[in-house]
Amino acid sequence: TVHVALNQLRRVVNEIIKLYGLPAQIVLEVARDLKNGAQAKKEIAERQRKEKDLNDARRKKLEENGIAITSESMLRMRLWEELAEDPAARCCVYTGEHISFARLFGDDVEIEHILPVSRTLDDSPANKTIVLRRANRDKGNRSSPFEAFNRRTGYNWPEILRRAEKLPRNKKWRFAED
């Protein structure tokens, strides 16, 4: 597999040189799964199949409710599902107010970066959640949840931490003091 990939790379680089001249730099990124064995590849394929099934279910629900299937609507659905297993328990991590499916696509709910992109450069779904717009405005786009809500009147920091514990592991740690 590695030899095939390197031969393909050689062909691409030779074509680039022919068309544009010698590049100043070449950066090669190799997919991590090249080193995986058969079992690991099987697990990856299974995880991808599950994600595809989840995305298909999301598309179907959006379609049934007359909501346009866009990357943002799909992301909203995914982040909303991460709030809790039970749809009745899905609430804004900051305020504790329930976010129903109908409310999810309203003006008072938005996608929020848990940690500021300006500090982390992390714009991935792992750094995003669904919150009420007013809570996001109170948090601001330059502060962490701890900095924004630890001492803020109108918000209960221990309750925020309790709700954050329900989030996936790759999000929980972002609510820590440090």
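Visitor: Which residues make the contact?
Guide: On the α2 side they are Asn 55, Arg 58, Arg 59, Lys 61 and Leu 62, and on the α3 side Ser 73, Met 74, Met 77, Arg 78 and Glu 81, where contact means heavy atoms within 4.5 Å. Sorted by class, the contact of α2 with α3 has 5 charged, 3 nonpolar and 2 polar residues. In that sorting, Asp, Glu, Lys and Arg count as charged, Ala, Val, Leu, Ile, Met, Phe, Trp, Tyr, Cys and Pro as nonpolar, and the others, Gly among them, as polar.

Visitor: And at what angle do the axes of α2 and α3 cross?
Guide: The axes of α2 (residues 38-64) and α3 (residues 71-83) cross at roughly 110° and come within 10 Å; axes are lines fitted to C-alpha atoms, for helices over the stretch in contact, and angles run from 0 to 180 degrees between N-to-C directions.

Visitor: Before we go on, what kind of model is this?
Guide: It is a predicted model, in which local features need pLDDT of at least 70 and side-chain atom pairs count only at pLDDT 80 or more, whereas totals for chains, interfaces and linings use all residues. Residues are numbered from 1 along each chain as its sequence is written, and side-chain values use heavy atoms, with hydrogens and water left out.

Visitor: OK, zooming out, how many helices and strands are there?
Guide: The protein has 9 helices and 2 strands, and along the sequence they follow the pattern α-α-α-α-β-α-β-α-α-α-α.

Visitor: What about its overall dimensions?
Guide: The C-alpha trace spans about 65 × 40 × 35 Å along its principal axes. Buried residues, meaning those under 20% relative accessible area, make up 30% of the 178 residues.

Visitor: Where does His 98 sit?
Guide: His 98 is in the loop between α3 and α4, and with a relative accessibility of 36% it counts as partly exposed, a class that lies between buried and exposed, the latter being over 50% (1.4 Å probe, protein chains only). Apart from neighbours within four places in sequence, His 98 is in contact with Pro 87, Ala 88, Arg 90, Cys 91 and Arg 103.

Conventions
Helices (H or I, at least four residues) and strands (E, at least two) are DSSP runs, numbered from the N terminus.
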